[in-house]
Amino acid sequence: MSLRREIESLEKEANELIKNADSIESLSSIKVKFLGKKGKLKSILKSLGKLSPEERKEIGQLANKVKEEIENLLRKKEQFFREKAIQEELKKDRVDITLPPSWIEVGSAHPVVSTLVEISQLFISMGFSVAEGPEVEKEEYNFDMLNIPKDHPARDMQDTFFLNNGMVLRTHTSPVQIRTMLKQKPPIAVIAPGRVYRKDADPTHSPMFHQIEGLLVDENITFRDLKGTLKIFLEGIFGKDIGIRFRPSYFPFTEPSAEVDISCTVCGGTGCRVCKDTGWLEILGCGMVDPNVFEAVGIDPEKYTGFAFGLGIERIAMLKYKINDIRLLFENDMRFNHQFKGIR
Ligand code: DAH
């Protein structure tokens, strides 16, 4: 067989093999077979020496052409395999954006906490700072020093959780007033949010609930300061249009004392079930600090005056979010809790 024929059949064979190759690996064995050092083309080129110069030139050119052609085909086929591999990879890793995602539950603040934070921030913006006290409290701080005499009904076993060690679960946040005044001299402007406990359970009472106490003591503090402060607070929570009234009342630790009502947030003041047809809702207790309390903590009542107030956070939260049973707040029924998502 002439060299030319040999080269041509070699070209055909290589073409065929490359066409049918099914992997990158098989391409490299084809490459070795035809183009390698011991490959078919090399051995043909080696025998060129035996040819006449014209033949050598002609066959040499043909061999080179075929070499280039095989190289080209190999490169193209390799490229094809690489592309295919990439496409397969992409297909495998494909993200189906129409599939529903696996949701991560996002929690939210409890309505009592968000109300507590909102109230605190209002007072902080007026210059009050936050004070704290323990929930297990000395009877002395919870009652005696707040001018609550030994025979006062609030000490009745019905209301107070007495502990074996002579301490009580604080029945209100007012003992934080005592703790603050014992370690800090006027001017004082604090609020004290926290848990309090009473033996009481029905749709509007829970044995554990939250209060915020307020105390401001300085020279020349008057009832007007109290009224102004509470007006800013109540309008901040319930809006500028809310009606506010001060009703004379009695607390052992304040004199004079008052209870503050707001116009009913449900009926707007015309009378409904929630306000028991009065048009008003009782919202907090307040008054001017009783001189007896100042004396108990060593603050001169001739020099200083002050006001105090206390309110239940659950009551505010219930009015704000229109919740009709306090127990809902503490049962942790997720159907209830879920409703407060997205509220601060
Ligand atoms: N401690 C009172 C209570 O639990 C609330 C209260 C009333 C607090 C008047 C005060 C106040 O500081 O001045 O019912």
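Which domains does the domain assignment of the protein give? The assignment gives domain 1 (3–92) and domain 2 (111–340), with bounds taken from an automatic or database domain assignment. The centres of domain 1 and domain 2, taken over C-alpha atoms, are separated by 94 Å. The model is a predicted one, in which local features need pLDDT of at least 70 and side-chain atom pairs count only at pLDDT 80 or more, while totals for chains, interfaces and linings use all residues. Residues are numbered from 1 along each chain as its sequence is written, and side-chain values use heavy atoms, with hydrogens and water left out.

Polar contacts (pairs of N or O atoms within 3.5 Å) include one from a polar side-chain atom of His172 to a nitrogen atom of the ligand, at 2.9 Å. Gln177 places a side-chain N or O atom 3.0 Å from an oxygen atom of the ligand, and for Gln211 the distance from a polar side-chain atom to a ligand oxygen atom is 2.9 Å. Of the 360 Å² of accessible area that the ligand has on its own, the protein covers 89% (Shrake-Rupley method, 1.4 Å probe).

Gln177 also belongs to helix α7 (residues 175–183), where Pro175, Val176, Gln177, Ile178, Thr180 and Met181 are buried, that is, under 20% relative accessible area (1.4 Å probe, protein chains only). Among the elements covering these buried residues are β4 (188–197), β5 and α9 (291–297).

Methods:
Polar contact = N/O pair within 3.5 Å; in protein donor to acceptor, adjacent residues only side chain to side chain. Buried < 20%, exposed > 50% of the residue type's maximum accessible area, 1.4 Å probe, protein only. Helix = DSSP H or I, 4+ residues; strand = E, 2+ residues; numbered from the N terminus. Contact = heavy atoms within 4.5 Å.
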